[in-house]
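Please keep the sequence and the model in view while reading.

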Amino acid sequence: MFENLTDRLERSFKILKGEGKITEINVAETVKDIRKALIEADVNYKVAKSFTDDIKRKALGMNVLTAVKPGQLMVKLVHDELAALMGGKAEDIDLSGNPSVILIAGLQGSGKTTFSAKLANYLKSKKGKHPMLVAGDVYRPAAIEQLKVLGEQINVPVFTIPDSKDPVSIAKDAIKEAKKNGQDVVIIDTAGRLAIDEEMMKEVESIKKAVSPNEILFVVDSMTGQDAVNTAKEFNDRLDFNGVVLTKLDGDTRGGAALSIRAVVDKPIKFVSTGEKMETLDVFHPDRMADRILG
Ligand code: GDP
């Protein structure tokens, strides 16, 4: 993950880490190099530009030119700014209410169903919760079956209404059932499409309206780079979601989505998914991600 970006940034810092007097031109060159590295990592151009303009201003303001170790100072500055760009601090999910309701949205194939189960597993094993999974993708029997298999694997009940084509009443009935059985978190997996489509958006909006979820989490495949950011923007315009889940960070993703989403959509990344196994889910920590990016 992010190997190219890490290599490129390391090379960018070389000039400032070398011997001799540092000039304003050296700083400008380094900053230009950082911008190129970000754009190669598929970071949105506007985000990369304003990020590096800020870095330049701050570096000169911090007297990087007269610092004993300008390279180190610059690395620290870039680290802190990268963490800030990704949101600064980790953001929790809202688990108030009994049950708390979490709605999962995103395109087909983004990893929604896998994440729904992983989230249930995380809440059960790390937070002592008693979750219920809800199969709201009524169009794909395979998706319902997949959720059932995962639920069995982690020992979490999966609510379905066989043959129902009405995800709104499935969601409402699931919440009633959860209350009856003492399940304190209801995670609703919804149907996705291969591309954004009006029907899908309307459906998720009507589930939102019917169940007033504590959280809407938008799931997106990090491998899709700037498309991930554009999709996030469209979903957020319609759903006003609470947080983002970035999946497939175990692949050779370049990093653009992780770095741009917060700046473009102004919603926090809450979880990152790094595999198909149930344990491969992490709360997103911007500072730790910045550590990794800088190698
Ligand atoms: P959905 O259509 O949005 O519900 O997506 P799925 O949960 O069915 O996931 C689509 C495919 O991506 C499946 O083969 C998953 O096993 C896989 N997948 C999901 N999350 C991850 C991840 O973080 N890493 C990897 N490598 N594969 C993932």
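The side chain of Asn-44 lies 3.0 Å from the backbone nitrogen of Lys-46, a polar contact (a pair of N or O atoms within 3.5 Å; within protein, one must be able to donate a hydrogen and the other to accept it, and residues adjacent in sequence count only if both atoms are side-chain atoms). Asn-44 belongs to the loop between α3 (24–40) and α4. Helices (H or I, at least four residues) and strands (E, at least two) are DSSP runs, numbered from the N terminus. Leaving aside residues up to four places away in sequence, Asn-44 touches Gln-226, Ser-260 and Val-264, where contact means heavy atoms within 4.5 Å. The loop between α3 and α4 also holds Asp-42, which has a positive phi of about 70° although it is not a glycine.

This is a predicted model, in which local features need pLDDT of at least 70 and side-chain atom pairs count only at pLDDT 80 or more, while totals for chains, interfaces and linings use all residues. Residues are numbered from 1 along each chain as its sequence is written, and side-chain values use heavy atoms, with hydrogens and water left out. The chain has a mean pLDDT of 92, with 99% of its residues at 70 or more; pLDDT is the predictor's confidence in each residue, from 0 to 100. The scores of the model are ipTM 0.99 and pTM 0.94.

Two of the residues that Asn-44 touches, Ser-260 and Val-264, also take part in the contact between α10 and α11. The axes of helix α10 (residues 225–239) and helix α11 (residues 256–265) come within 9 Å and cross at roughly 30°. Axes are lines fitted to C-alpha atoms, for helices over the stretch in contact, and angles run from 0 to 180 degrees between N-to-C directions. The angle makes α10 roughly parallel to α11; angles under 35 degrees count as roughly parallel, over 145 as roughly antiparallel, 65 to 115 as roughly perpendicular and the rest as oblique. From α10, Gly-225, Ala-228, Val-229, Ala-232, Lys-233 and Asn-236 meet Ala-257, Ser-260, Ile-261, Val-264 and Val-265 of α11. By class, the residues of this contact are seven nonpolar, three polar and one charged. Ala, Val, Leu, Ile, Met, Phe, Trp, Tyr, Cys and Pro count as nonpolar, Asp, Glu, Lys and Arg as charged, and the others, Gly among them, as polar.

Attention now turns to α4 and its partner. Helix α4 (residues 45–61) and helix α5 (residues 70–85) have axes that come within 11 Å and cross at roughly 140°. That makes α4 oblique to α5. In α4, Val-47, Phe-51, Ile-55, Lys-58 and Ala-59 meet Met-74, Leu-77, Val-78, Glu-81, Leu-82 and Leu-85 in α5. This contact comprises nine nonpolar, no polar and two charged residues.

Leu-82 of α5 also takes part in a contact with α12. The axes of α5 and helix α12 (residues 286–293) are 8 Å apart, at an angle of about 135°, and the two helices are therefore oblique to each other. His-79, Leu-82 and Ala-83 in α5 meet Pro-286, Asp-287, Ala-290, Asp-291 and Ile-293 in α12. Here the classes are five nonpolar, one polar and two charged residues.

What kind of peptide bond joins Asn-98 and Pro-99? The bond is cis, with omega about 0°, and Pro-99 sits in the loop between α5 and β1 (100–106).
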